[in-house]
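Here's a quick tour of a few local features worth a look. Have the model open as you read.

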Amino acid sequence: MAGTLYTYPENFRAYKALIAAQYSGAQVKVASDFVFGETNKSAEFLKKFPSGKVPAFETSDGKFLSESNAIAYFLASEQLRGGKCPFAQAQVQQWLSFADNEIVPASCALVFPLLGIMPQQKGNTAKQDVEVVLNLLNKKFLESTYLVGERITLADIVVFCSLLHVYQYVLDAASRKPYTNLNRWFNTILNQKQVKAVVGNYSLCDKALVFDPKKYAEFQAKTGGAKPQQEKKAKEEKKPAPKKEEPKKEELDAADLALAAEPKSKDPFDALPKGTFNFDDFKRVYSNEDEKVSIPYFWEKFDPEHYSIWYGEYKYNEELTKTFMSCNLIGGMYQRIDKMRKQAFASMCLFGEDNNSTISGIWVWRGQELAFTLSPDWQVDYEVYDWKKLDPKSEETKKLVEQYFSWTGTDKDGRKFNQGKIFK
């Protein structure tokens with residue numbers, strides 16, 4: 001499958017198709033000369049796509065598709081569509097409908113007034129509607145890793161894309177706290193390489209937006225939709241406030257353009273002083289040399305003034321069962337904090353056997369404080385570990401570093417090393 005996708009930058013609807021293509025290997029070119037509001041209003045474009053909506057897709061053999069879910073479905077692999085099982089295929093369609101009918105309207109009604117794209121309606125139930133959706137999904141992921149089956153499908157991709165605005169503009173760290181299961185799933189999808197290739201440097205909400213009536217007035221003035229305040233007020237007094245109003249097509253399109261102009265978050269480590277320890281050099285040595293070389297190299301180059309060493313121990317070892325599931329916990333955490341890799345290194349180890357194991361590890365990162373608190377993106381897993389800052393000058397620390405970097409020895413209760421995972 002190959003073709004051209006027409007869209008503007010950072011359109012979450014277009015993300016569905018682009019992520020699906022990353023998984024399936026479909027060759028999709030994004031039209032570089034597309035100008036929203038011009039190209040999609042031209043006679044040539046409307047002849048191909050009468051609705052004038054984007055994203056729109058033109059196949060290499062001259063066929064045309066509109067509507068984001070349809071385009072994503074066309075570009076998806078058989079596995080993403082639900083495999084060969086008719087029931088799984090139906091489940092995928094179920095979640096696509098749920099995203100369009102429940103998530104997107106509630107998200108737009110909540111987020112757009114905060115961005116100034118539409119007015120704040122009295123009696124608006126958007127916040128409650130979003131909470132209903134989040135609670136439903138949180139319960140779903142209590143016992144499920146993905147929405148359909150045991151692998152990522154188009155259902156996960158579409159629901160994920162539909163939640164991007166809520167996680168970016170509304171759900172700050174405190175607001176995300178009740179949705180532990182949903183957060184874990186969201187961050188797992190976010191950190192898939194196929195997803196990262198499309199969404200780029202997306203960041204979770206640090207501070208939730210609040211409604212500012214001036215934003216909407218400015219938006220109306222820019223778009224030519226402003227009306228005298230007295231006339232507006234009189235109409236509001238005559239008409240009862242609607243319980244809920246879904247955004248109009250024009251407002252949806254304008255909102256996506258406004259979102260595209262939002263500045264991206266910087267690397268949280270940028271606020272910390274730079275030292276002399278070069279993680280890339282050490283990781284290269286660690287990967288290519290024996291521990292007899294890499295560990296002395298670590299201590300030779302380590303900069304204790306600007307970097308710190310930490311010991312992390314999983315709090316709930318008594319709940320660990322199968323060792324492969326315990327290793328999945330470590331791998332999942334690594335995926336969700338992928339953006340820490342540039343300024344961090346860790347060796348996490350599993351000690352023991354099935355139904356009698358522990359997880360612990362040595363972490364090194366830039367700065368002297370607990371790095372996970374620097375970004376809301378990194379706070380999904382760290383609270384299930386006890387953290388202790390180590391003294392780089394002590395012999396005990398040097399022994400721990402040697403043990404965990406070389407994957408040897410036992411835990412404090414005598415369980416033998418089973419397997420490990422490196423974060424680099």
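Asn355 is exposed, at 57% relative accessible area; the cut-offs are under 20% for buried, over 50% for exposed and partly exposed in between, with a 1.4 Å probe and protein chains only. Asn355 sits in the loop between strand S6 (344-353) and strand S7 (356-366), and its phi is positive, near 65°, though it isn't a glycine. Helices (H or I, at least four residues) and strands (E, at least two) are DSSP runs, numbered from the N terminus.

A word on the ground rules: this is a predicted model, where local features need pLDDT of at least 70 and side-chain atom pairs count only at pLDDT 80 or more, while totals for chains, interfaces and linings use all residues. Residues are numbered from 1 along each chain as its sequence is written, and side-chain values use heavy atoms, with hydrogens and water left out.

Glu10, in the loop between strand S1 (2-6) and H1, is another non-glycine with a positive phi, about 60°. Its relative accessibility is 30%, so Glu10 counts as partly exposed.

Next along, Asn11 caps the N-terminal end of H1, with a side-chain oxygen 3.0 Å from the backbone nitrogen of Arg13. H1 itself (residues 12-24) spans 19 Å from first C-alpha to last, close to the expected 18 Å, which is 1.5 Å times one less than its number of residues. The helix is mostly covered, with 10 of its 13 residues buried, among them Phe12, Arg13, Tyr15 and Lys16. After H1 comes Gly25, with a positive phi near 85°.

## A cis proline

Val54 and Pro55 are joined by a cis peptide bond, omega about 10°. Pro55 belongs to the loop between helix H2 (43-48) and strand S3 (56-59).

## The second largest pocket

Domain 2 (79-223) and domain 3 (279-423) both contribute lining residues, so the second largest pocket lies between them; the domain bounds come from an automatic or database assignment. Its volume is about 1,300 Å³. A pocket here is an open set of points on a 1 Å grid where a 1.4 Å probe fits, with protein on both sides within 12 Å along at least five of seven lines; lining residues have an atom within 4 Å of a point. The volume is the space filled by probe spheres set on those points.

Of the 38 lining residues, Asn181, Arg184, Leu329, Arg336 and Asp381 lie nearest the centre. H15 gives the most, 9 residues.

Technical notes. Polar contact = N/O pair within 3.5 Å; in protein donor to acceptor, adjacent residues only side chain to side chain.
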